[in-house]
Amino acid sequence: MSLSDKVTEMGAWGLENGHRALLAVTGGRFPKRVLGMQTLELHTIGRSSGRRRSTMLTAPLFSADRVVVVASKGGHSDNPDWFKNLAANPDVEITVDEVTTPWTAKAATTEEKADLWPQIVKSYRGYDGYQKRTDRDIPVVICTPR
């Protein structure tokens, strides 16, 4: 693993666990949004373990009928585990404001990503930098209610 990937993983770990700690300390009241994006907890089923896994994420595009998340991992050279899990089992759950609902997740097609990417980058410009930092095509995930 490259030094850049190690730093990216440490940063992602710090952000996720810091987010969880803030939610615990504030009784779930803060933070509701990060960098202008809706915060959420994505629950997947581990592709190897079969166990429920949870990840704190932000959604640059969020509505009652569609949630879009980006598997950026901060520009890491590999896709995040949560993405690998939902690729194996697209039945996920999303928790927002302590309410958990069932969703179906799928990686956006090339055409869907091309349509969504300008909106995603408008919501948070950092995603464009993440894409430039890595050779992999960062997946965009579209979740729809089940």
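This report walks through the helices, nonpolar cores and aromatic rings of the structure above. Please keep in mind that the model is predicted.

The largest nonpolar core has 17 residues, and Leu40 and Trp82 are the ones that touch the most other members. At least two residues of this core come from each of E2, E3, E5, H2, E6, E7 and E8. Apart from this core lies another, with 14 residues, including Val68, Val70, Trp117 and Val140.

Setting aside neighbours within four places in sequence, Leu40 is in contact with Thr55, Met56, Leu57, Ala59, Val67, Val69, Ile94, Thr95 and Val96.

Helix H3 covers residues 110-123, and Pro118 lies in it. Is Pro118 buried or exposed? With a relative accessible area of 53%, Pro118 is exposed. Pro118 and Asp128 are 10 residues apart in sequence, and their C-alpha atoms are 9.3 Å apart in space.

Helix H4, residues 126-133, has Gly126, Tyr127, Tyr130 and Gln131 as buried residues. These cover an arc of only 145° around the axis, which puts them on the same side of H4. The buried residues of H4 pack against E2, E3, E5 and H3.

Thr58 is buried, with a relative accessible area of 19%. Its side chain makes a polar contact of 3.4 Å with the side chain of Tyr127.

**Rings and their partners**

There are four aromatic pairs in this model. In the pair of Trp82 and Phe83, the ring centres are 6.5 Å apart and the planes meet at 85°; an angle over 60 degrees counts as edge-to-face, so this pair is edge-to-face. Both Trp82 and Phe83 are buried. Another pair, Tyr124 and Tyr130, is tilted. Here are these two pairs together.

| Pair | Centre to centre | Angle between planes | Kind |
|---|---|---|---|
| Trp82 and Phe83 | 6.5 Å | 85° | edge-to-face |
| Tyr124 and Tyr130 | 6.2 Å | 55° | tilted |

Tyr124 and Tyr130 also belong, with Tyr127, to one aromatic cluster. Tyr124 has 22% relative accessibility and counts as partly exposed. Tyr130, at 19% relative accessibility, counts as buried. Why do they fall into separate classes? Buried means under 20% relative accessible area, so Tyr130 is buried, whereas Tyr124 is partly exposed.

The charged end of Lys113 sits over the ring of Trp117, 4.8 Å from the ring's centre. Trp117 is also one of the residues in the core of 14.

Definitions and conventions. Residues numbered from 1 in each chain as written. Predicted model: local features only at pLDDT ≥ 70, side-chain atom pairs only at ≥ 80, totals over all residues. Heavy atoms only, no water. Phe/Tyr/Trp six-rings, centres within 6.5 Å; stacked < 30°, edge-to-face > 60°. Buried < 20%, exposed > 50% of the residue type's maximum accessible area, 1.4 Å probe, protein only. Lys NZ or Arg CZ within 6 Å of the ring centre and 35° of its normal. Core = buried A, V, L, I, M, F, W, Y, C linked by side-chain atoms within 4.5 Å. Helix = DSSP H or I, 4+ residues; strand = E, 2+ residues; numbered from the N terminus. Contact = heavy atoms within 4.5 Å. Arc of directions from axis to C-beta. Polar contact = N/O pair within 3.5 Å; in protein donor to acceptor, adjacent residues only side chain to side chain.
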